[in-house]
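Please consult the sequence and the structure shown below while reading.

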Amino acid sequence: MSENKVVYTCFSTDVIHKGHLNIVNKAKELGKVIIGVMSDEAAVKYDRFPTISFEERLNMIKNIDGVSEAVPQETVSYKDNLLKYKPDYVVHGDEWKYNYMAPIRQEVIDVISQWGGRLVEVPYTRDDEVRKIDRQTMEKLSMSEFRRGRLRKLLKLRPVVKAIEVHSGLTGLIAEKTVVENNGEVDQFDAMWISSLCDSTAKGKPDIELVDMSSRIRTIEDVLDVTTKPIIFDGDTGGKTEHFVYNVRTLERIGVSAVIIEDKVGLKKNSLFGTEVEQTQDTIENFCNKIKAGKNALLTDDFMIIARIESLILEKGMEDALERAKAFVGAGADGIMIHSRRKEPDEIFEFVDKFREFDKETPIVVVPTSFNTVTEEEFAKHGVNIVIYANQLTRTAFPAMKNAAELILKNHRAKEADDICMPFKDIITLIDSI
Ligand code: SPV
Ligand code: MG
């Protein structure tokens, strides 16, 4: 090895296996090995939630035979560390040529070429042993005691936690595995929303608390079975307080991270109908009692009960919304969801800004189905913490399915529909085999 050459690579792993050792061995042949350890903030965008702390990862990597230095890498992009350490070589597995990391790889090549540095790629190791370690990590991440508290952790790591609606194992897999690269940034969803609207719609039923908790929990189980990301459950009104406490216990035990309940009573209708249908708001006192009872039933500090305020939906005014927010936080709510069905975000921003004048901490949740032009960055600037994309997977799947059904009926065969069908071999790449 050449003592005066610097070699850089970066790991985001929790477990060192022979694939990593291959990379280290190659790096050792080339010079002094510096390994970037990806920060938690970067790891959740690029890969998955770490199962051990950053310090533990740093130590683990420092202790690999032949590694001279383990250093933090704060971003998915290698650029900052490359400019800092000016490596003669970057060593990496070759898999990133073919996935969302390809632009990050290109950036590495471009940056190090400024001083004549070279990228050296080793064949990616993916044998039975590596696959098993991967499955074991996923298993750990999906266990209820690990998964449950992850939403709270993400709230500390992410400027905005973004959740997407799921209502089945398959939609869960899309939420779990969709990763994109955009302008040098890699990103993915942080959490999943089990919407009452979409769970009901998937069953062909109206969103009126008709689909009972046993069925809703079955949906959750299907999602839990194949994913690792935290779940935010749409608990509608929470039902009777006497029932809510039991449901809270069940949700907490199976590994759900949060339930959101809305301050309505009687026959619940979907909020997007607003005042076009009859809907009744609960009294502040009753709803506070429901929150308190739910909080009392909890056995961990992980699980969050988030209070959803329907004052703007029901045109009861900003003052009412703010008064409720104060009261619900006082009753123990771990977060506030404020909803609106206006296209303009003005009333949402007004609420958030006013709420933040007296409460800097309590997480705020928004569901921008109507006010959908606002970006996550704008929400974050106002102090929003969780953005839920509440129904887009259902609303995109529906027209695609309808179209396919119509094409088959019109043509008396399936050929014409084939052009809009994904080949099954692509669909099954989502599904893990054991
Ligand atoms: C849901 O997704 O079921 C919700 C959000 O409750 S909304 O449909 O906007 O009321
Ligand atoms: Mg709902």
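The structure described here is a predicted model. Isoleucine 35 belongs to strand E2, which covers residues 32–38. Because its relative accessibility is 0%, isoleucine 35 counts as buried. The C-alpha atom of isoleucine 35 lies 9.9 Å from that of valine 90, although 55 residues separate the two along the chain.

Strand E3, residues 67–73, contains glutamine 73. With a relative accessibility of 1%, glutamine 73 counts as buried. The side chain of glutamine 73 makes a polar contact of 2.6 Å with the side chain of tyrosine 8. A polar atom of the glutamine 73 side chain also lies 2.9 Å from the backbone oxygen of threonine 75.

The structure contains 38 salt bridges. In one of them, the side chains of lysine 18 and aspartate 127 meet at an N to O distance of 2.5 Å. This pair links distant parts of the chain, 109 residues apart: lysine 18 is in helix H1 (residues 18–30), while aspartate 127 is in the loop between strand E5 (118–122) and helix H6 (128–142). Lysine 18 counts as partly exposed because its relative accessibility is 36%. Aspartate 127 is also partly exposed, with a relative accessible area of 23%.

A salt bridge of 2.8 Å, N to O, joins the side chains of aspartate 432 and lysine 177. Aspartate 432 is in the segment after H19 and lysine 177 is in helix H9 (residues 169–177), so this pair ties together parts that are 255 residues apart in sequence. Lysine 177 has a relative accessibility of 29% and counts as partly exposed.

## Buried charges and a charge network

Lysine 264 and glutamate 262 form a salt bridge in which the closest N and O atoms are 2.9 Å apart. Lysine 264 is buried, at a relative accessible area of 1%, and glutamate 262 is buried, at 2%. Elsewhere, a network of salt bridges links Asp199, Lys203, Asp207, Arg216, Asp236 and Lys268.

Aspartate 282 is in the loop between strand E13 (280–281) and helix H13 (284–297). This residue is buried but has no salt bridge. The side chain of aspartate 282 does make a polar contact of 3.3 Å with the side chain of asparagine 286.

## Positive phi angles in loops

Lysine 86 is located in the loop between helix H4 (79–85) and strand E4 (89–93). Its phi angle is near 40 degrees, a positive value in a residue other than glycine. Lysine 86 counts as partly exposed, with a relative accessibility of 44%.

Glutamate 315 also has a positive phi, near 55 degrees, and is likewise not a glycine. Its position is in the loop between strand E14 (304–309) and helix H14 (318–330). Glutamate 315 is exposed, with a relative accessible area of 58%.

Isoleucine 428 is in the segment after helix H19 (424–427). At 47% relative accessibility, isoleucine 428 counts as partly exposed.

Terms used. Residues numbered from 1 in each chain as written. Chains lettered and ligands numbered in written order. Predicted model: local features only at pLDDT ≥ 70, side-chain atom pairs only at ≥ 80, totals over all residues. Heavy atoms only, no water. Helix = DSSP H or I, 4+ residues; strand = E, 2+ residues; numbered from the N terminus. Buried < 20%, exposed > 50% of the residue type's maximum accessible area, 1.4 Å probe, protein only. Lys, Arg positive; Asp, Glu negative; His and termini not counted. Salt bridge = Lys/Arg side-chain N within 4 Å of Asp/Glu carboxyl O. Polar contact = N/O pair within 3.5 Å; in protein donor to acceptor, adjacent residues only side chain to side chain.
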